[in-house]
Amino acid sequence: MIKHLHRKISKEDNPDQNRAISAPTNESQFLVAGPGSGKTTVMVLKILKFIFVDEVDPSSILATTFTRKAAAELRSRILSWGDEIRQALLKDQQFKDIHPHLRRLDFNQIITGTLDSISQDILKLHRAPGSAPPVVIQDFVTSALMLRKGLFKDEKHHNEDLREYLIQLRGGKFGFNTNEMGKQLLEIKDRVYYDQVDWEELAKEKLNDHPGFEVAHQAINHYLQELEDRNLYDFAMLEAKFLDKLKLNQLEDFLGNLKLILVDEYQDSNLLQEQIYFQLAEAAIKNGGSMTVVGDDDQSLYRFRGATVDLFTNFLERFTTQTNINVQPKLINLSQNYRSTSKIVKFVNNFSTLDHEFQKARVKDKPAIIPERSPPLTEFPILGMFRHDVKTLAKDLSGFIRQIVCEDGVKVKDYLIKVDPENGSPTDLSILLSSPQEESFYNKKLPYYLRENLQIPIFNPRGQSLEKTREAKILCGLILDCIDPECNIQESIEKLPKTAIKNFQSWRQCARKYVKTNPEPSTPISLPEFVNAWQKRQPLGRKTWKRDVPLLDLAYKLVTWIPTMQDDVEGLVYLEAITRTISETALFSNYAGELVFEEKYPDLEYNSIKDAYWNIFVPLATGAIKVDEGLLDTLPDNRINIMSIHQSKGLEFPMVIVDVCSDFRTNHPKNAFKRFPSDGGNSCSMEDLIRICSPLGTPTRSGRDRAFDDLIRHYFVAYSRAQDVLLLVGLTTYPDIPNVATGWTRDNNCHWKELDNLILI
C-alpha cells in the first residue's frame, strides 16, 4: 500500500494511522480525527486491509458517511485503490496462489452511502413479499408538504396562537413568515424522531404551556398522516422504520452477513442514528467483526438539524452502557495534519483553546493538531483585511483577488502571494461566510459587492433566495402565464399567502418583459408564439391538443428560450431546483404533476392547475424551496467560490478568505447570535423543548454555553480549510464588538485585541 498508493502509513511515519489500519477485524475503534488528518484515507485502507489481508467478504462491510458527496468520494476511492492494489498483486508471482481469488473480488459489494440511502436500499431489498418499497421524499419537498398539508389545512398559518408560539420558540419575529412557520414545525417533527421522543407524551407535557403547541401538534400530525396515506417517508421517518425493523429482528438475512461497520462524521449523529449504529454493531460483533466510528467534535456543525455532539464526546461510555457489547473500543487520536502549513495549524490550535469553558465540551484530553505537511512549503503569515465599510472592503478585496489570480501577485512583507499561473485556477481560492446571502432585509452584503466588483465571475447560487433569482422569476412567470394567463384560477383560490401573491405578480411581470425582448425564434417558433399558443390551447403543429401535459415538459420547453438556464452554471442550479420540485411534488399531487385539458370536463383543467399552484408554486413563492446542497457537488473551475462555512465542511483550498465581521457595524443585539450569543437561540430552545421526553434527558450545559460552543466549532471549521494562505476580512469595528471569530471568549475577554497575530493588509 505504501509503495503503490504513496501514503505514509508506516509505524515510523504515522503510528496512529498505522494502528487504526492494521487492527484485527474484531477490534472496535473510536477515531478522533482532526482536520486534514487523512481520515478518508484511513477508512479506505482499513477496508482494503480487511479484504486483502483478513479475507473479509466485501458484502459484509458497511461504511457510512454524512453527505452524498462524501459517500461518492469514499466509494470511488475504495474502487480505484482496491483495483490498483489488486493489479499490483496480480503482477507479482509470489502471490500467484491467490490470483484466482483476487480476480473474483467485487469491491462493488461493499455497502457504502449515507445512512438514509443505505436504510432505503436495505428496506427495499429485505421487504415482505408483495409489500411496496419505501418511497422517500427529499428535504426540499418536505417543506412544500408541510405548508400544503400542515399549515394551510384549516388555515393554521393565520392562527395567532401558533404564530405567537413559534415566534417565542424561535426567539424573535424578525424575518418571520409562513415559510419560517413551516420550517419550525419540521424542526419540531424531526427532533421528535431524532431524540426518540414519545410524541403523544410530549403533547401531554406541553398541553398547558401554550395554546399554540396544540395547533403545532395538529399541523405536524396532518403532515404525518398525509405521508402515511400515500406510503411516503421523509428521512427521519425512514431511519425510524429501519430501526424498528432492526429491533424486531425482521432483517436477519442482512444482519447475519454483516461483519464490519465504519461510520464517518459520527459527531453529527443523533440518538436515532446512534441506536441504528449500535444495533448494527451488535450484529457485526456477534459475527466476529467490529465497529469503527470516525469524527471530530470540534467540527460538529449540525445541532440545528438535530445532531447531538455529546453522543460523540461520550461515545466510549455510551458504547458500554447502551449496548449488549462487553468489548470496549480503542481510542485513537489522529492528530497529524497533512493539509495546512504549520502557521495555519498553530493559529487553529490557538483558536480552539482560547475559551476555557469550551474545553469542557470537547473529547477529554484531546491532543493538539500536529503539522505534518510535506514537502516544506512557504509559511505564509495569517493575514487580515479590515476596512471602515463593506463597500470599501469589497473593492479592496476584489483588487487583491484580481492581483493574485490574474496579475503578478501581492507582496506582503517578504512573501509573494499568487495563484500558480500554470496549475492554479480561481477555484484555488474560496470565500467563506456564515451566510452567502447577497442581500438582507435592509442592506446589501459583502457577496453582493464582490459580485459587483470582481472581474472574475463568482459562483454563489445560494446568494439569493431561489424565488428572487432572475432565472426562477422568468421561468415560473412564463409557466404561470401559459397555464393561467388571466390569473382567473389564481384569483379564485382563497387564502393564498400574501407573499405568494406578491411573488406571482413579480414573476409574471418579469416574464412578460422577457417575452417582449425575445421575439426572434431560437427554435422553429418564437417565445411569444409559444406562450400565445399555450394560452389559447392551440396545438402547436400537432393535429390535436394533448390531453394530459406533464408540467415538467412545459418547463423544459420554456427553458430553451432562457440561455442562462442552459449555459450558466448558476442558472443550471436554479433550473435543477425548480424541476426537482415539480417532479418530486408529483408524489403527493392529486394529478401526479400533470395538467389535464378536456373540453368536456373543464373542472379537471381547473383542479389540476389549482393543484399545481398549491403544491409547486406556493412553496416556491414563499421561500420554502431552497437550493439543495446536493446540487453543488461539482464546483466550477473558472469562478471564485463563495460559500457558507457549512458548505465548506470536508473541503480544502490553497487560499481561504473568511468573513469574520463584515456584517457587524454596531454591537446590536439582533446579530449577537452570529458573533457573541446572549442565549441558546432557536436550536437550543428546540433541544430544551423536545428532550424533556427523550431518553437523553435535558442538556446539562446551558443554552448560552451550547451556542458559544457551536460558534467556536463554526469558525474552527472555517479556519482549518486553508492549506497555504488564510485571510480574515471584516470591518474595523472588530476591536469594540464582541465576536468569537476575532478572539473573544464568553467571559467577555478579547484575546486578540490588537490582532497582532495577523499581518494586516
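This is a predicted model: local features need pLDDT of at least 70, side-chain atom pairs count only at pLDDT 80 or more; totals for chains, interfaces and linings use all residues.
I checked the backbone of A592 and found phi near 55°, a positive value in a residue other than glycine. Most residues other than glycine have a negative phi, which is the reason for this entry. I then looked up the exposure of A592: its relative accessibility is 48%, so A592 counts as partly exposed.

E265 turned up in the search for positive phi too, with a value near 55° in a residue other than glycine. I placed E265 in the loop between β6 (260–263) and α14 (271–286). Is E265 buried or exposed? I find a relative accessibility of 13% for E265, and the cut-off for buried is under 20%, so E265 counts as buried.

**Whole chain**

I went on to the totals. The secondary structure of the protein comes to 29 helices and 21 strands. I compared the radius of gyration with the rule for a compact globule: for 761 residues the rule gives a value near 27 Å, and the protein has 27 Å, so the two agree. Taken along the principal axes, the box filled by the C-alpha atoms is roughly 80 × 70 × 65 Å.

I asked how much of the chain is buried, and 57% of the 761 residues count as such. I also looked at contacts with a separation of 6 or more, and residues 24 or more positions apart account for 79% of them. The protein exposes about 33,000 Å², and I note that carbon and sulfur atoms supply 47% of that area.

For charge, I have 95 positive and 105 negative charges in the protein. I looked up their mean positions, which are 2 Å apart.

In soluble globular proteins, nonpolar side chains tend to be buried together.

Leaving aside neighbours within four places in sequence, F617 is in contact with I479, L480, I483, F504, W507, L551 and A612.

**R103**

I found R103 in helix α5, which covers residues 99–104. The relative accessible area of R103 is 56%, and so R103 is exposed. Beyond its neighbours within four places in sequence, I see R103 in contact with R86 and L90. I also took the distance from R103 to Q87: the two are 16 residues apart in sequence and 9.2 Å apart in space, C-alpha to C-alpha.

**E372**

Last, I looked up E372, which lies in the loop between β10 (370–371) and β11 (383–387). With a relative accessible area of 32%, E372 is partly exposed. What does E372 touch, not counting residues up to four places away in sequence? I have Q336, N337 and Y338. V309 is 63 residues from E372 along the chain, and I get 27 Å between the C-alpha atoms of E372 and V309.

Conventions. Residues are numbered from 1 along each chain as its sequence is written. Side-chain values use heavy atoms; hydrogens and water are left out. Helices (H or I, at least four residues) and strands (E, at least two) are DSSP runs, numbered from the N terminus. The radius of gyration is taken over C-alpha atoms; the globule rule is 2.2 Å times the number of residues to the power 0.38. Buried means under 20% relative accessible area, exposed over 50%, partly exposed in between (1.4 Å probe, protein chains only). Contact means heavy atoms within 4.5 Å. Accessible areas come from the Shrake-Rupley method with a 1.4 Å probe; for residues, only the protein chains shown count as cover. Lys and Arg count as positive and Asp and Glu as negative; His and the chain ends are not counted. The place of a charge is taken as NZ of Lys, CZ of Arg, CG of Asp or CD of Glu.
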